[in-house]
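Dear colleague,

My notes on its helix packing and aromatic rings follow it.

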Amino acid sequence: EEIFTARFDGQVQQVDAYTLVCMICATEMSPSFSQEALKAQAVAAHTYAERQCLAAAGREDLQGADFSDDPGKFQAFFTEDELRERWGTHFDTNYRMLSAVVDEVAEELLTYEDTPIIAAFHAMSGGKTESAKNVWGSEIAYLQSVDSSADRNAPQFEQNVSYTAEQVKDMLSASREG
């Protein structure tokens with residue numbers, strides 16, 4: 001079984017690939033999503049993990065780990081303890097269901113020229129994706145702009161929210177302090 005090293009709260013720990021994929025999926029999506037959507041997320045997470053291992057070699061900022069729980073730099077994921085806190089009494093049911101979904105696609109990877117791809121993903125694109133060149137400054141053959149106008153039919157594609165001037169001031173002040 002494949003083992004990765006991950007930095008959690010400053011400590012390097014070992015985590016098997018299966019558990020890491022489950023943790024990433026649980027962080028990114030609610031267990032209430034459709035099984036097919038969860039499977040797609042699991043394949044993207046596994047691909048991300050494999051690519052990250054290739055990229056982590058020799059990176060001093062990881063200090064011997066393949067991953068970090070720093071969401072500002074890496075794919076965010078919850079630890080099992082954090083998932084237990086988040087899901088409460090539903091932990092066993094949610095984790096069992098998520099594990100069954102991951103089981104179905106555990107060996108799947110997205111590759112380009114026999115190398116795991118940059119498995120960039122998003123919930124919604126606003127009707128059109130962006131090319132890698134426009135986002136990161138360099139061309140990537142498989143990350144091109146495409147139409148995704150079907151997003152407009154997604155729940156929560158557009159939301160209207162109203163705030164008072166005082167609420168906006170408070171939110172901006174809080175974000176500056178954080």
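Axes here are lines fitted to C-alpha atoms, for helices over the stretch in contact, and angles run from 0 to 180 degrees between N-to-C directions. Helices (H or I, at least four residues) and strands (E, at least two) are DSSP runs, numbered from the N terminus. The model is predicted, so local features need pLDDT of at least 70 and side-chain atom pairs count only at pLDDT 80 or more, while totals for chains, interfaces and linings use all residues. Residues are numbered from 1 along each chain as its sequence is written, and side-chain values use heavy atoms, leaving out hydrogens and water.

Helix α3 (residues 80–87) packs against α4 at an angle of about 120 degrees, their axes being 9 Å apart. On the α3 side, the contact (heavy atoms within 4.5 Å) is made by Glu80, Leu83, Arg84 and Trp87, and α4 contributes Phe91, Asp92, Asn94, Tyr95 and Leu98.

Ring pairs join Trp87, Phe91 and Tyr95 into a cluster. Rings of Phe, Tyr and Trp (its six-membered ring) pair if their centres lie within 6.5 Å; planes under 30 degrees apart count as stacked, over 60 as edge-to-face and the rest as tilted. By this rule there are three aromatic pairs. One of them, Phe91 with Tyr95, is stacked, at 5.5 Å centre to centre and 15 degrees between the planes. Phe91 and Tyr95 are separated by about one helical turn because they lie four residues apart in helix α4 (residues 91–105). Both Phe91 and Tyr95 are buried (under 20% relative accessible area; exposed is over 50%, partly exposed in between, with a 1.4 Å probe and protein chains only).

Yours sincerely
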